[in-house]
Amino acid sequence: MQKRRNNIALIELLIVIFFFSLSAMVIVQVFVRSDQISQKSNSMSVAIILAQDTMEQLRSEPKNAIDVLDDWTIIDQNDKQQIFELYFDEKMDITNGERYDYRFVVDMSKTDQEYGTFFDIKIEVYSVQKEMIFDLHTGKYISDQKFEEL
């Protein structure tokens, strides 16, 4: 009788140990996944800040886009349009186009109007899977008329 109780206690102990080890394994996986999501979210926040900063720089000096985007690679350029790209890794450090996590594309076009020039600026951010994550779009009109100071 005593031996049977010891076997039952041992089986109960094994079941409890199995349950706790299974729970610990699930909890560790949840923490690892939450850390991955946090890192991706942090990278996305930095990407948005970089895109907004680039957009503001281009809005302030749209005629000098090449000076503002000096680290960027020119993909296409003509009289009316300029397209630039830049690659970033997961830590948002600039990298080459061979291995990257984010690709930024700046598309600037200008339209000459009667009394000035309208600049259309669009920034797109793509993931390594080539899907667009987000884009920013703005425009700026610069008058050709010179106003005299009073």
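Let me start at one pair of residues: Tyr 126 stands opposite Met 132 in strand S6. Please keep in mind that this is a predicted model, and that each value I give today was computed from it.

Around that pair there are two strands. S5 covers residues 116-127, and S6 covers residues 132-143. They run antiparallel, and eleven bridges join them. Together S5 and S6 make a hairpin, with four residues between the strands. In this hairpin, Lys 130 has a positive phi near 65 degrees.

Now the other neighbour of S5. Strand S4, residues 102-112, also pairs with S5 in the antiparallel sense, over eleven bridges. One example is Val 105, whose bridge partner in S5 is Glu 124. S4 and S5 form a hairpin too, and here three residues lie between the strands. So much for pairing; what about cover?

How many of the twelve residues of S5 are buried? Nine of them are, and the strand is mostly covered. For the chain as a whole, buried residues make up 25% of the 150 residues.

Strand S1 is residues 73-77 and strand S2 is residues 81-88, and four bridges join them in an antiparallel arrangement. Thr 73 has Glu 85 in S2 as its bridge partner. Three residues connect S1 to S2 in this hairpin.

Let me step back to the whole chain. It has two helices and six strands. Reading from the N terminus, the order is α-α-β-β-β-β-β-β. The radius of gyration is 28 Å, while the globule rule gives 15 Å for 150 residues; the chain is well over that value, so it is more spread out than a compact globule. The box filled by the C-alpha atoms, taken along the principal axes, is roughly 105 × 40 × 20 Å.

On to the helices, and the loop between them. Helix H1 spans 2-60 and helix H2 spans 65-68, and Glu 61 sits in the loop between the two. Is Glu 61 buried, exposed or partly exposed? Its relative accessible area is 39%, so Glu 61 is partly exposed; the cut-offs are under 20% for buried and over 50% for exposed. Glu 61 and Lys 140 are 79 residues apart along the chain, but their C-alpha atoms are separated by 9.7 Å.

Asn 64 is in the loop between H1 and H2 as well. At 33% relative accessibility, Asn 64 also falls in between, so it counts as partly exposed. How far from Asn 64 is Phe 134 in space, C-alpha to C-alpha? They are 25 Å apart, with 70 residues of separation in sequence.

Of the contacts between residues at least 6 apart in sequence, 41% join residues at least 24 apart. The accessible surface of the chain comes to about 11200 Å², and carbon and sulfur atoms account for 54% of it. As for charge, the chain has 16 positive and 26 negative charges, and the mean positions of these two sets are 14 Å apart.

To go back to where I began: Tyr 126 is opposite Met 132, and S5 is joined by eleven bridges to S6 and pairs over eleven bridges with S4. That is all from me.

Terms used:
Residues numbered from 1 in each chain as written. Predicted model: local features only at pLDDT ≥ 70, side-chain atom pairs only at ≥ 80, totals over all residues. Heavy atoms only, no water. Rg over C-alpha atoms; globule rule 2.2 N^0.38 Å. Buried < 20%, exposed > 50% of the residue type's maximum accessible area, 1.4 Å probe, protein only. Contact = heavy atoms within 4.5 Å. Areas by Shrake-Rupley, 256 points an atom, 1.4 Å probe, with all protein chains shown as cover. Lys, Arg positive; Asp, Glu negative; His and termini not counted. Charge placed at Lys NZ, Arg CZ, Asp CG, Glu CD. Pairing = 2+ DSSP bridges.
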